[in-house]
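Student: Could we go through this structure together? I would like to know how its side chains are arranged.

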Amino acid sequence: MRNLTRNVWICLGLIMFPLTTFGQQKSNFTYVPAQELLLVGKATTEGEYFHRVDTAKYCTMPPAVKKLFTNSAGLAISFTTNSPVIKAKWTVPDNYQLPNLTRIAQKGLDLYIKRDGKWQFAGVGMPGGVTTERVIVDNMGTEEKECLLYLPLYDELKSLEIGVSSDAHIHKGENPFKKKIVVYGSSILQGASASRPGMAYPARLSRSSGYNFINLGLSGNGKMEKEVAGMLADIDADAFILDCIPNPSPKEITDRTVDFVMTLRQKHPDTPIIVIQTLIRETGNFNQKARENVKRQNEAVAEQVEVLRKKGVKNLYFIKEDRFLGTDHEGTVDGTHPNDLGFDRMLKKYKPAISKILKIKFKAER
């Protein structure tokens, strides 16, 4: 009987030990809601905190557009801390996993820390279920660190808390980017198919230039509707980049481009507007119909830019497709959406063109 009692206490001890240890681990962290820190990359301060656009204010936009603007693509939390470990706890809906995206890109977090004046990758928040709690980076020093935590590209963030060691501090950061360059476009702009949120091309442009490139990519829905033009025109932007040509049909491009640009121009008479042709999709390498459709899209937008110039529209710029993805047909995940290699190649074409137009200097990312 005495041995049985002893064994029971041993078993209870084994059960209780990990629970006690876990409790101590949790008590060793201080969590701060993201709302107490600084949100970077939002077009305006209106609307739901983690939404890119105030969809209640712009309720006449197409339903699919409003839904996509609830995705947190391009948004990041700026903070400073001296903690040797950074954790996060976040909640996203139980949405379908997209086949051409990593879970990290769609639902996860991506942390960058500034070192020697450059933003460097520090770790990811690997998503689990609806609510996830993860260590993003551990075993660092206790020096002050300037951090940017990128939010999910293709999901609606419901809540986010950032955790640091209980004996460390965490403070609201500053906006590391100046001005506001609004980029409107397709799924490629939104981030498909970058490996993680910080690798979407607007985020990379921001980190390498110090300018705020606002991600208003809309997967499959960057179609230049008049209601969207009205919303964009309300943004206090220093420049507009229209990288939306992958989505509308050639006819929609012909019918909508002039009105879309003129809506922006009415409220922004001198603001630079840059129109970019669609990249040549790798599906068209063998698929003749796909190749012809991209050709017609690019011809249609070139014609409409010429129409606008003949109307006397100033500060209107045009970036032509210039083998954005390279020539070896290895730059996409699925024939349409660039992989990280494809985005590298795109940026080698985009940066010089944008730099020449907007007088922005880009640093090497590596």
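Predicted model: local features only at pLDDT ≥ 70, side-chain atom pairs only at ≥ 80, totals over all residues.

Student: Let us start inside. How many residues has the largest nonpolar core, and which have the most contacts inside it?

Tutor: The largest nonpolar core has 38 residues. Y184, M231, L232 and L242 are the ones with the most contacts inside this core.

Student: What does M231 touch?

Tutor: Leaving out residues up to four places away in sequence, M231 touches V53, Y58, M61 and F69. There is also a second, separate core of 36 residues, which includes V40, L205, A239 and I354.

Student: Why speak of cores at all?

Tutor: In soluble globular proteins, nonpolar side chains tend to be buried together.

Student: On to the rings. How many aromatic pairs does the structure hold?

Tutor: The structure holds eight aromatic pairs. In one of them, the ring centres of Y201 and Y350 are 5.3 Å apart and the planes stand at 90°, so this pair is edge-to-face.

Student: Where do Y201 and Y350 lie?

Tutor: Y201 lies in helix 5, residues 201–209, and Y350 lies in helix 9. The pair therefore ties together parts that are 149 residues apart in sequence.

Student: Are Y201 and Y350 buried or exposed?

Tutor: Both Y201 and Y350 are buried. Y350 also pairs with F324: their ring centres are 5.2 Å apart and their planes are at 85°, so that pair is edge-to-face as well.

Student: Where is F324?

Tutor: F324 is in the loop between strand 15 and helix 9, 26 residues from Y350 in helix 9. Both F324 and Y350 are buried.

Student: Which residues form one aromatic cluster?

Tutor: Y201, F324, F343 and Y350 form one such cluster.

Student: Which charged ends sit over the rings of F29 and Y112?

Tutor: Over the ring of F29 sits the charged end of K87, 4.5 Å from the ring centre. Over the ring of Y112 sits the charged end of R207, 3.9 Å from the ring centre.

Student: New topic, then. How many salt bridges does the structure hold?

Tutor: The structure holds 13 salt bridges. One of them joins E46 and K57, with the closest N and O atoms 3.3 Å apart.

Student: Where do E46 and K57 lie?

Tutor: Both E46 and K57 lie in the loop between strand 2 (38–40) and helix 2 (63–68), so the pair ties together parts eleven residues apart in sequence. E46 is partly exposed, with a relative accessible area of 34%, and K57 is partly exposed at 43%.

Student: Which parts of the chain does the pair of E161 and K89 link?

Tutor: E161 belongs to strand 9, residues 159–165, and K89 to strand 4, residues 86–91, and the two residues are 72 residues apart. In their salt bridge, the closest N and O atoms are 3.8 Å apart. E161 counts as partly exposed at 28% relative accessibility, and K89 is partly exposed at 24%.

Student: What about K158 and E156?

Tutor: Their side chains meet in a salt bridge at 3.3 Å, N to O. K158 is partly exposed, with a relative accessible area of 49%. E156 has 13% relative accessibility and so counts as buried, since buried means under 20%.

Student: What does the side chain of N339 reach?

Tutor: The N339 side chain reaches the backbone nitrogen of L341 at 3.1 Å. A polar atom of this side chain also lies 3.3 Å from the backbone oxygen of T332. Beyond its neighbours within four places in sequence, N339 is in contact with S193, E330, G331, T332 and V333.

Key: Residues numbered from 1 in each chain as written. Heavy atoms only, no water. Polar contact = N/O pair within 3.5 Å; in protein donor to acceptor, adjacent residues only side chain to side chain. Contact = heavy atoms within 4.5 Å. Core = buried A, V, L, I, M, F, W, Y, C linked by side-chain atoms within 4.5 Å. Buried < 20%, exposed > 50% of the residue type's maximum accessible area, 1.4 Å probe, protein only. Phe/Tyr/Trp six-rings, centres within 6.5 Å; stacked < 30°, edge-to-face > 60°. Helix = DSSP H or I, 4+ residues; strand = E, 2+ residues; numbered from the N terminus. Lys NZ or Arg CZ within 6 Å of the ring centre and 35° of its normal. Salt bridge = Lys/Arg side-chain N within 4 Å of Asp/Glu carboxyl O.
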